[in-house]
Amino acid sequence: MLNRGYYWLITALAVPAFLWLIPTIWMVSLSFQPNEVLARTTSTTAFGLIPLPFTIENYVALFSFGQTPLWFLNSLIVAAGMALGVLLVSTTSGYALARLDFPFKKSLTIICLIGLMVPEQAVFIPLYTMFADLGWHNSYQALILPRLAVPIGVFLMMQFFKAIPDDIEEAARLDGVTWLQIFWYVMLPLARPAMMTLAILTVLYAWNDYLWPLVSAQRQEFFTITLGLASIQSNFAQSEGLGRVMASGVIASLPVVIMFLIFQRYVVQAMTVGGSKG
Amino acid sequence: MPEKHTSGRRMTESQAALVLLLPFLATYALFLVYPFFRGIWISLHDWNLMAVAFNPDAKEFVGLHNYERVMWGKDITWGALISPVQQVIGVLGFGLSIFLHRIGWVSKVTAVALGVAAILLFVLPGFHPAEGGRWYDRRFWPTVGNTLIFVGLTVPGVVVSALLLAAAVNRETRAMSAFRTLFFLSQIMSVTVVTLIWQIMFSPRQGLIANITETFGGSPIVWLTDEHLAMAAIVITTIWWSLGIAMILFLAGLQDISKDLYEAAALDNATGAKAFWHITLPNLKRTITLVIVLQVILQFQVFGQAHLMTRGGPNDSTQVLVRYIYQTAFRDSDLGRASAMAVFLFVIMGAFSVLQFVLGREED
């Protein structure tokens, strides 16, 4: 395969790849330039793609005052809470639907999966009124709870548990082990890769979620980093300085980018399964 | 096995299933099923967010009045050539769907879906207020139109570029895997980071695009405040953002095409573009249809880009459905009308979900 055509292909792909990267490079580069310079011009060196003059002042400022660290922490809490919750409800129900026999199993499966059709935009108004009645807005539970009812997680786990050979379970059952013990001691350890996939997918989703936090969190103390970034980008030039806003953008993307680079295989797998079926 | 849970030993299979299903069923019922029906219920009421928050009885049952107020008007009539462009495209599209099915390019389901879409494109734009009449909500249908324009521009852009890229990087080498990572990277950024970058990219004063045009003697383009270019800017941003997942799905589809087909074709001197046209495309038909349907579902929900980059403007030219729902609910406090629009959104998206499901089941 490694013929001349291949090297020609690499060269041909390098151009769109570079164009594709430019916006990201530009954000990173601007975040390392002094605000006074950026107020005059954004294209000092190589259209601003190289951070000269260089400074890390924007990042220092970001973490010494302002609310970015708090928003960052909120995002971590919400993402972790959501991932744990989704894992809990998806593994248990996925196992029951895939491997246990009980009355109305088929109709229950359909009921659980039909929710895939309902987009979040169709339920965010009633959810808003429900949480308002409970007085739960501006809280972690308001940001986390509505996102636990995701049929795609059940679907992913169900598919996984269905693929496990019967004899593993059979052997345990002959030893007189209860159903819940089989689930906990036999099935869950086997399901680690699928749980990993689901957890990563959920963290990505939680981190980047925008519409629901926008209506639910009105107080800045409960902003996630995604929401906080939206709130400062509208008036970046006057208040914060372009360099600092760009630094916030870099900080907001860093965790998901790093996670993606480490767990790329899982993310791609999740997207493929989730995309073609859900 | 540890000897804990001895009481669970007597638990039957059905009881165990119930215990295990309970956490999901509870959250599902509370946070998806109930809100869904409550949304329909709200849409049947005159329901002001503020008034009902202070006094729960301050709502009034009005039946389908909200739907009428959103979608209908006074003295609405229908004509065959009111919006000639859309309606002619509708007629042509209907013919095209029959033709494509006849020559075997698309399956029956796809042909029916295309046909229905074409008929709607012919029928819906024909409605208009007669002399002295008016729409009750002047902004609703133009907003739906903007959303459709956005979907109509973004989806082909994403699908074509993702398909070409996927075909190019579909090799197991280190360089190609680096390209895959790179093209996917923008997908995992949040909408606020993406709009932050592109808002400034497009800025006529500070933007990279303006800086480059000025260097070559051009005058900077005011992308986001120009009625005709604002939508284009949002479409470009969205293609950059959401190409990754389409590429991944195409790559998965490409893996399923047997290498033998390409080797056989190579014997007939069909390589490169020829092989792409005669082998890749026909064998990827199912994946292409699925990706298109998925992208339509995804892009129809567009909100952040329009909300953050242009605020729906200038002059409502980038106002999209979800943003209109959001504004009607949380700026105008009119939850009844907003919920009616949300139900409308659900019906459209639900139709596409059904289509996706049927297509996923088709063949094999």
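In the predicted model, chain A has a radius of gyration of 24 Å, whereas a compact globule of 278 residues would have one near 19 Å. The C-alpha trace of chain A spans about 75 × 65 × 30 Å along its principal axes. Of its 278 residues, 47% count as buried. Among the contacts in chain A with a separation of 6 or more, 74% are between residues 24 or more positions apart. The secondary structure of the chain consists of 15 helices and zero strands.

Chain A is assigned two domains, domain 1 covering residues 4-55 and domain 2 covering residues 63-277. Taken over C-alpha atoms, the centres of domain 1 of chain A and domain 2 of chain A are separated by 33 Å. The contact between these domains involves eight residues of domain 1 of chain A and eight residues of domain 2 of chain A. On the domain 1 side, the elements that give two or more residues are α1 (4-31) and α2 (35-40) of chain A. The largest share of that side comes from α1(A), with four residues. By class, the side of domain 1 of chain A that touches domain 2 of chain A holds five nonpolar and three polar residues, and no charged residues.

Helix α8 (residues 151-162) of chain A has twelve residues, and the distance from its first C-alpha to its last is 16 Å, close to the 16 Å expected at 1.5 Å a residue. Ten of the twelve residues of α8(A) are buried, so this helix is largely enclosed by the rest of the structure. A residue counts as buried here when 20 or more other C-beta atoms lie within 10 Å of its own. The buried residues of α8(A) are A:P151, A:I152, A:G153, A:V154, A:F155, A:L156, A:M157, A:M158, A:F160 and A:F161. Just after α9(A), A:G176 takes a positive phi of about 75 degrees.

The interface between the chains comprises 72 residues of chain B in contact with 78 residues of chain A. Helix α1 (residues 13-43) of chain B gives the most to the chain B side, with 17 residues. By class, the side of chain B that touches chain A has 50 nonpolar, 18 polar and four charged residues.

Backbone torsions in chain B include positive phi values at two residues other than glycine, B:D316 and B:S333. Most residues other than glycine have a negative phi. For B:D316 the value is about 65 degrees, and the residue is placed in the loop between α14 (304-310) and α15 (321-330) of chain B. B:D316 is partly exposed, with 15 other C-beta atoms within 10 Å. For B:S333 phi is near 60 degrees, and this residue is found in the loop between α15 and α16 (335-361) of chain B. B:S333 is likewise partly exposed, with 15 other C-beta atoms within 10 Å.

Notes. Residues are numbered from 1 along each chain as its sequence is written. Chains are lettered from A and ligands numbered from 1 in the order in which they are written. This is a predicted model: local features need pLDDT of at least 70, side-chain atom pairs count only at pLDDT 80 or more; totals for chains, interfaces and linings use all residues. Two residues are in contact if their C-beta atoms, placed from the backbone, lie within 7 Å. Ala, Val, Leu, Ile, Met, Phe, Trp, Tyr, Cys and Pro count as nonpolar, Asp, Glu, Lys and Arg as charged, and the others, Gly among them, as polar. Domain bounds come from an automatic or database domain assignment. The expected span of a helix is 1.5 Å times one less than its number of residues. The radius of gyration is taken over C-alpha atoms; the globule rule is 2.2 Å times the number of residues to the power 0.38.
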